[in-house]
Amino acid sequence: MSSFEPSTELIRLSAAALAAKLKAGEVSAVEVTQAHLDRIASVDGEINAFLHVNTNEALAVAAEVDGIRAAGGAAAEELHQLAGVPIAVKDLIVTIGQPTTAGSKILEGWRSPYDATVVRKLRAAKMPILGKTNLDEFAMGSSTEHSAYGPTRNPWDLERIPGGSGGGSAAAVAAFEAPLALGTDTGGSIRQPGAVTGTVGVKPTYGAVSRYGAIAMASSLDQIGPVSRTVLDSALLQEVIGGHDPYDSTSLTDPFDNLVAAARTGNVEGMRIGIIKELHGEGYQAGVENRFNESLELLKEAGAEIVEVSCPNFKYALGAYYLIMPSEVSSNLAKFDGVRYGMRVLPKDGPLTIERVMAATRAAGFGDEVKRRIILGTYALSAGYYDAYYGSAQKVRTLIQRDFAAAFAQADVLISPTAPTTAFKLGEKLNDPLAMYLNDVATIPANMAGVPGLSLPGGLADEDGLPVGIQLLAPAREDARVYRVGAVLESLLEEKWGGPLLAQAPVLDSNSTVAGGSL
Amino acid sequence: MAAINRDDVAHLARLARIEMSAEELDRMAGELAVIVDSVKSVSEVAGEDVPATSHPIPLSNVFREDVVGHVLTPAEALSGAPDSEDDRFKVPAILDEE
């Protein structure tokens, strides 16, 4: 784009910058929201980040914020600092007034009669909800290719995956369709898409953000968290959505109100940062390893002490995860039975019994990956195998927690690449479930132990010019630490690059030709 | 540990209430065999003295006050149901006969 256009400038601002402009009256919430809706209209045909665009409601909320500001007085003073800053919501999270599909045919057209707690909090802060973002069906996948509504494309290269399961939220933020988004992370579904799209994603401590209204995949691993372009923006968003919720019995009572302050600390002097020996090196792409080492150098120059820690049981985390997660999946997805919500399919012939209707409904409504995991979970939980599989995996979970405890005795924060490779091509791993599962090898341990993890852009890999993610991990309840170190590393890297990494992303335009031919 | 075969998958699919075609059973059995093989090392890692962890951050006795909060109305609860009658979910026959 050659000429200066205010709307294209607005979409590139961070949530914090937009909030400041809104408060100062330099721009209206309607203008900000409309700029993002225009951007969605212009580029989402190519990206497919959104399954539903919530135009009317988003503009109405924005107009309400503008009205309150214009009237002034106490109501204007009491507006949340992010009031009028728009946000996208992963379509696994239920919303009144918009469809929620979970990326599955079985919920096509379904509308929730209640809001998720995080959505209620967005509404209370008067943040316009732009729409619902694409995901692997029921959040099962690392590429968003398992969505029943077509894959999302990576804004850095439209022939590559945006990560998964939250590829829609990450791509929307990377393509400047939204400054903020909500994701969910069961084994890396916020952090790995962040890594491969050059954005920031955080999996908070398990229980720091209510899971009420997130359609459950694996309840002991699932966590809602923020997606953004800057570390500070994720901290701002986690403070909006976090806090104790009586509707979620696993919700923690800790306040988690020091995250924004932590992101603004500005130094890491004297902090001990631990390299996890088992989470880099062999199996990691050379360009990923190079960017990782570069981040370590920057942190060392900034006064952090770099130590090496060993977590010998992490090598069993992926295997244990693929027993625990499907076991919980097989139980959680039993409720999609063609009775209470969503699709009902009648068997083609034979007697019309409820069992046969369920089997026909689930056969037609679920995709291959969901079926694989339900069958695997049913197997792991079945008599004769329960102790060997599910029981053993739960013991491995204890060993992983012990590894973390030992590591955090030596280091305040742990660091690793977020994903072993940069974004791969669409279709490349679709028929090889095991290869797909390996994408989450570095992110899964945090879910197994419930600890917080943040992924931020670490630069571009030399061999393919695609984004690399750096992961920071902290002990449970110490989310502030990943924001503190993340914000410092981000500013050091941006100084080196001369601006944000996404400034180097190819320009997306509905009229531009796509490299590699039309899509 | 026994490998997973086509008959196992057919049995598990019945338990999980997912109808599967012959082609699907063949494909799924092959894929699951590879996955099960890759995760079976997990059963050899932890000794008997290692306790199981079911929940990453242990909480106990999570109670709330015994008062009626917001609940869905019957119309809201039934709003997404494929079929309903008299404020109830309606299903086909529950007994296996014509």
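**Sheet, helix and contact in a predicted model**

Q: What stands opposite Val200(A)?
A: Ser228(A) in β6(A) does. This is a predicted model, where local features need pLDDT of at least 70, side-chain atom pairs count only at pLDDT 80 or more, and totals for chains, interfaces and linings use all residues. Residues are numbered from 1 along each chain as its sequence is written, while chains are lettered from A and ligands numbered from 1 in the order in which they are written.

Q: How many bridges join β5 to β6 in chain A?
A: Two, and the strands, residues 200-203 and 224-228, run antiparallel. Strands (E, at least two residues) and helices (H or I, at least four) are DSSP runs, numbered from the N terminus.

Q: And what is the order of the open sheet?
A: β1-β3-β2-β4-β6-β5-β10-β11-β9-β7-β8 in chain A, 11 strands with mixed pairing. Two strands pair if DSSP finds at least two bridges between them.

Q: Which strands stand at the edges?
A: β1 (50-53) and β8 (305-309) of chain A; each has a single partner strand, so one side of each is left without a neighbour in the sheet.

Q: Switching to α9(A): buried or exposed?
A: 11 of its 11 residues (231-241) are buried, so this helix is largely enclosed by the rest of the structure. Buried means 20 or more other C-beta atoms, placed from the backbone, within 10 Å of the residue's own.

Q: What comes just after α9(A)?
A: Gly243(A), with a positive phi of about 110°.

Note on methods
A residue is buried if 20 or more other C-beta atoms lie within 10 Å of its own, exposed if 12 or fewer, and partly exposed in between; C-beta atoms are placed from the backbone.
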